[in-house]
Amino acid sequence: QYIGGRSANRGECAQPCRKKYSVETVDGKIIAKDIYALCLKDFNASNRLKDMIDAGVLNPGRCVDVMEETMGLMEDGDFLMGGPYNDAHGLMLYFPKKSPIENFPVNNARDRRFIAMPAYLGGRFHVAGEKWYGSNGNNRAIGLPRSILMMMLNDVETGKPLAYMSGNLLSSMRTGAMPGLAAKLLARNDSKVLTLVGPGVICRSSLRAIMSQRFDIDTIKIKGSSPTSANAIKMKEYIEENYPQVKNIVLCKDMEEALKDADIITEAVSCKEGEWPEYKREWLKPGALVISTSTFNMEHKSIVDLKKVIDNYGMYENYAEEDNVGYDENGDRLHTGCMGEDFVYMVQDGLIERDSLTTFGEIIRGKKPGRESDDEIILVSIEGMPTEDVAWAYECYTYALVHDIGTKLKVWDHPYAF
């Protein structure tokens, strides 16, 4: 409105951001000429992604350690997340299927949404932050990732911004690090066979984290949409290039082949609602560790006696309250695709006791045991939390400060409002 005399808030934008400008300093020196200085669409920070890598964002072993520290602090209660009970995954912004308003965004693709994921984490971190998550399944057609994430850290006392960084690599690494933590705490010590279900980006991060903790893995099974799927082949090539100690790589035709004889099973499947991969109890060997970060479908009564480990029960209670799924014609609870949410329904239906569920934090703080025998089958539900994003972002930020990585931005010399 200041430039064009017309207000975009009233539908009369003069589009000043689409015009070229020259940029000069306060003393009149021109530092840029004829550029689209106001248009964020033309802002390209891809050359800064290497800064994130240099800051250690892809260090799997260190990320596992930081996630262990985070789970311990959460068990201590030294954290806050959003929602009325301070345990919400995030605040969702969903778009309608259709709208009578011209140019209104609609849900015309898979996973079309925005999520604000704020958190505070205490301990040595003592920092607040938020991951802003935008997702649109149509992005791939224009050469972009389905999800584009940014992360911000703030001084918890003053609110002062500390860092603003790309969140894609950060988020995928902290997600993968949690299966690495599960493998560290709960896998059999003689684990040799690892199964990857859904061999995409997250499963690759999980692989890296698990391999940083379990050094005797010599066989890896891969279950993609088919044995010849592009993701399955790409994962096989990645393993061959990076893990020469792995002597056997098996591209599996079905879930039974993938799960049988596996010591560790980690899942990160992206699929349509209701098409979740089904696991059967008879396909799991004694001592198997089954980790779900995305989708899960197993008959509730078949897993009553199995040990169940979760990251945050309150978060799954929130999911269950929102979804409130019912029962089928046989009186069996409908599945949600989320292992932890299924556990909540099992508690509500009287199949298990709430106290039968163990959190990572309880194991880390010595309040409950982890694996109790080599034959124990353990199910682990991981959904991702903003506390994890804050922790890993802070670790990358502090490393960047010490090693002079990144670009320092001046927000102001003096607050203008004062």
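**Helix packing**

A: Helices α4 and α5 are roughly parallel to each other, a label for angles under 35 degrees, with over 145 counted as roughly antiparallel, 65 to 115 as roughly perpendicular and the rest as oblique. This is a predicted model, in which local features need pLDDT of at least 70 and side-chain atom pairs pLDDT 80 or more, while totals for chains, interfaces and linings use all residues. Residues are numbered from 1 along each chain as its sequence is written, and side-chain values use heavy atoms, leaving out hydrogens and water.

Q: Within what distance do the axes of α4 and α5 come, and at what angle do they cross?

A: Two packed helices are described by the angle between their axes and the distance between the axes. Here the axes of α4 (residues 201-211) and α5 (residues 230-242) come within 11 Å and cross at roughly 25°, where axes are lines fitted to C-alpha atoms over the stretch in contact and angles run from 0 to 180 degrees between N-to-C directions. Helices are DSSP runs (H or I) of at least four residues, and strands (E) of at least two, numbered from the N terminus.

Q: Which residues meet between α4 and α5?

A: Contact means heavy atoms within 4.5 Å. Cys 203, Arg 204, Leu 207 and Arg 208 in α4 meet Lys 234, Met 235, Tyr 238 and Ile 239 in α5; of the residues in this contact, 5 are nonpolar, none polar and 3 charged. In these classes Ala, Val, Leu, Ile, Met, Phe, Trp, Tyr, Cys and Pro count as nonpolar, Asp, Glu, Lys and Arg as charged, and the others, Gly among them, as polar.

Q: How do α3 and α4 cross?

A: The axes of α3 (residues 168-186) and α4 come within 7 Å and cross at roughly 45°, which makes α3 oblique to α4. By class, the contact of α3 with α4 has 8 nonpolar, 6 polar and 1 charged residues.

Q: Which residues of α7 are buried?

A: Buried means under 20% relative accessible area, exposed over 50% and partly exposed in between, with a 1.4 Å probe and protein chains only. In α7 (residues 313-323) the buried residues are Tyr 313, Gly 314, Met 315, Tyr 316, Asn 318, Tyr 319 and Ala 320, and what covers them includes β14 (307-310), α8 (339-348), β15 (357-359) and β16 (378-381). After α7 comes Asn 324, whose phi is positive, near 45°.

Q: How many helices and strands does the protein chain have?

A: The protein chain has 10 helices and 16 strands, and 46% of its 418 residues count as buried.
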